[in-house]
Amino acid sequence: VQMSVFGATDLYEVLGVAHDGDSTTISKAYRRLARIYHPDRQEGSSEEGSAQFQRVQEAYEVLSNAERRDLYDEARKMWLFNHLSFSEQMEVTRRERLKAEAAAEAQEEVVRNELRA
């Protein structure tokens with residue numbers, strides 16, 4: 001699913017990295033793309049190249065900052081969720097509930113084991 005909010009593209013797609021990419025992967029992708037699209041490296045006055053360079057910079061500014069990346073990821077999840085069909089939303093909700101229940105059961109097991117020790 002390509003996320004487009006107010007004409008913006010998914011920031012992970014802009015940098016060409018996976019959504020679970022670490023900071024090193026994000027930095028390497030940024031440096032590679034910045035070298036390609038930097039206005040000084042463009043022949044003539046390529047507005048398209050300058051616009052792409054700006055998109056790459058904006059994506060890096062968000063994804064390289066842990067707090068901003070977390071906020072972006074939450075907004076992205078909400079956007080994606082709201083663009084699913086009702087049955088897909090129900091399936092996502094069911095999976096999230098199962099994950100939460102499994103985590104709670106695991107935590108309860110840890111506490112029980114600590115009490116036995």
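A residue counts as buried under 20% relative accessible area, as exposed over 50%, and as partly exposed in between, with a 1.4 Å probe and protein chains only. By that rule, 23% of the 117 residues of the protein are buried. This is a predicted model, in which local features need pLDDT of at least 70 and side-chain atom pairs count only at pLDDT 80 or more, while totals for chains, interfaces and linings use all residues. Residues are numbered from 1 along each chain as its sequence is written, and side-chain values use heavy atoms, leaving out hydrogens and water.

Start with the secondary structure. The protein has five helices and two strands. Along the sequence, the pattern reads β-β-α-α-α-α-α. These elements are DSSP runs, numbered from the N terminus: helices are H or I with at least four residues, strands are E with at least two.

Next come the aromatic rings. A pair of aromatic rings is described by the distance of the centres and the angle of the planes. Rings of Phe, Tyr and Trp (its six-membered ring) pair if their centres lie within 6.5 Å; planes under 30 degrees apart count as stacked, over 60 as edge-to-face and the rest as tilted. The count by this rule is two aromatic pairs. Tyr12 and Tyr72 form a tilted pair, because their ring centres are 6.0 Å apart and their planes stand at 50 degrees. This pair links distant parts of the chain: Tyr12 sits in helix 1 (residues 11–15) and Tyr72 in helix 4 (residues 66–82), 60 residues apart. Tyr12 and Tyr72 are both buried.

Tyr30 and Tyr60 have ring centres 4.1 Å apart and planes at 15 degrees, so this pair is stacked. Again, distant parts of the chain are linked: Tyr30 belongs to helix 2 and Tyr60 to helix 3, 30 residues apart. Tyr30 is buried, at a relative accessible area of 18%. Tyr60 has 22% relative accessibility and therefore counts as partly exposed.

Now turn to the charges. Side chains of opposite charge can pair when their charged atoms come close. A salt bridge here is a side-chain nitrogen of Lys or Arg within 4 Å of a carboxyl oxygen of Asp or Glu. The structure holds five of these salt bridges. One of them joins Asp10 and Arg76, whose closest N and O atoms are 3.1 Å apart. Asp10 lies in the loop between strand 2 (8–9) and helix 1, and Arg76 in helix 4, so the pair ties together parts that are 66 residues apart in sequence. Asp10 is buried, with 0% relative accessibility. Arg76 is buried too, with a relative accessible area of 12%.

Helix 5 (residues 86–116) holds both Arg112 and Glu108, four residues apart, about one turn of the helix. Their salt bridge has its closest N and O atoms 4.0 Å apart. Arg112 also forms a salt bridge with Glu109, where the closest N and O atoms are 2.8 Å apart. Arg112 and Glu109 are separated by about one helical turn, because they are three residues apart in helix 5. Through shared partners, the salt bridges join Glu108, Glu109 and Arg112 into one network. Each member is partly exposed: Arg112 has a relative accessible area of 37%, Glu108 has 44%, and Glu109 has 33%.

Other charged residues gather on the surface. Lys28, Arg31, Arg32, Arg35 and Arg41 form a patch of positive charge there. Patches are made of residues with over 30% relative accessible area and no salt bridge; like charges are joined within 9 Å, and nonpolar side chains (Val, Leu, Ile, Met, Phe, Trp, Tyr) within 5 Å. Lys28 counts as exposed, because its relative accessibility is 52%.

Two C-alpha distances complete the tour. Ala51 lies in helix 3 (residues 47–63). Ala51 is partly exposed, at a relative accessible area of 31%. Val92 is found in helix 5. Val92 is partly exposed, with a relative accessible area of 29%. The C-alpha atoms of Val92 and Phe81 are separated by 8.1 Å, and the two residues are 11 apart along the chain.

Key:
Areas by Shrake-Rupley, 256 points an atom, 1.4 Å probe, with all protein chains shown as cover. Lys, Arg positive; Asp, Glu negative; His and termini not counted. Charge placed at Lys NZ, Arg CZ, Asp CG, Glu CD.
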